[in-house]
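Student: Could you help me learn to read a protein structure?
Tutor: Happy to, let's look at one together.

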Amino acid sequence: MSVLRKSLVLVLGCCLLLGVSAQAQSREAERIRILETKVSQLEGLIYNLNQRVSNLEYQNPPMPPPPPPIVEVACMTTDTGYNKVFLGKGRTKLEAEAKAKESCGNSVNAVYCNGAVKCSDPAQDRLTQGALCVLTDTGYNKIFRGEGRSSVEAEYNARKACGNSVNPVYCMASVRCETF
């Protein structure tokens, strides 16, 4: 009986072991099937997304990047003979200064064009959209205003407006400027 019992235990143990092994293989196969399904779904989603991107690019081609902003320096000088103001603009401070003095020399005798030059600072002016300056002449107390891309350009426009209306000698008063 013990041999029969041992054989029965051995047969049942083998069946149980085979069942567990088959069940483990079955679970492993099920996990592989699920992973394959998910990968297939991801491939489909990537394909659809790629098609949408291609359609968008075909309908609206990507815009080229904007060109870098042009840096412009403005310099103003006042002649020492007639107190007229002159403006010069350029890519560098030296170029703008030279144009201001050249403009002065074309209008009055170049001997009077060696006065101080006031220039804008592109690094500081980049942060503003423009400037507005107000000047009250010392002869008639008239108010003149000027606008520009920089404080120097706005001051020039205010002094130029004053010099066109009254004698430029009266336009040497201080100017009040604000940026916006």
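This is a predicted model: local features need pLDDT of at least 70, side-chain atom pairs count only at pLDDT 80 or more; totals for chains, interfaces and linings use all residues.

Tutor: Residues are numbered from 1 along each chain as its sequence is written, and side-chain values use heavy atoms, with hydrogens and water left out.

Student: How many helices and strands does the chain have?
Tutor: Helices (H or I, at least four residues) and strands (E, at least two) are DSSP runs, numbered from the N terminus. Here there are 4 helices and 6 strands, in the order α-β-β-α-β-α-β-β-α-β.

Student: What share of the residues count as buried?
Tutor: Buried means under 20% relative accessible area, exposed over 50%, partly exposed in between (1.4 Å probe, protein chains only). In this chain of 180 residues, 23% are buried.

Student: Which residues lie nearest the centre of the largest pocket?
Tutor: On a 1 Å grid over the protein atoms alone, a pocket is an open set of points where a 1.4 Å probe fits, with protein on both sides within 12 Å along at least five of seven lines; lining residues have an atom within 4 Å of a point. Of the 15 residues lining the largest pocket, Ile70, Glu72, Asp125, Arg126 and Arg149 lie nearest its centre. Both β1 (73-78) and α3 (122-125) supply at least two lining residues each.

Student: Which element gives the most to the lining of the second largest pocket?
Tutor: That is α4, with 3 residues. This pocket has 13 lining residues, and those nearest its centre are Gln124, Asp125, Ser151, Val152 and Thr179.
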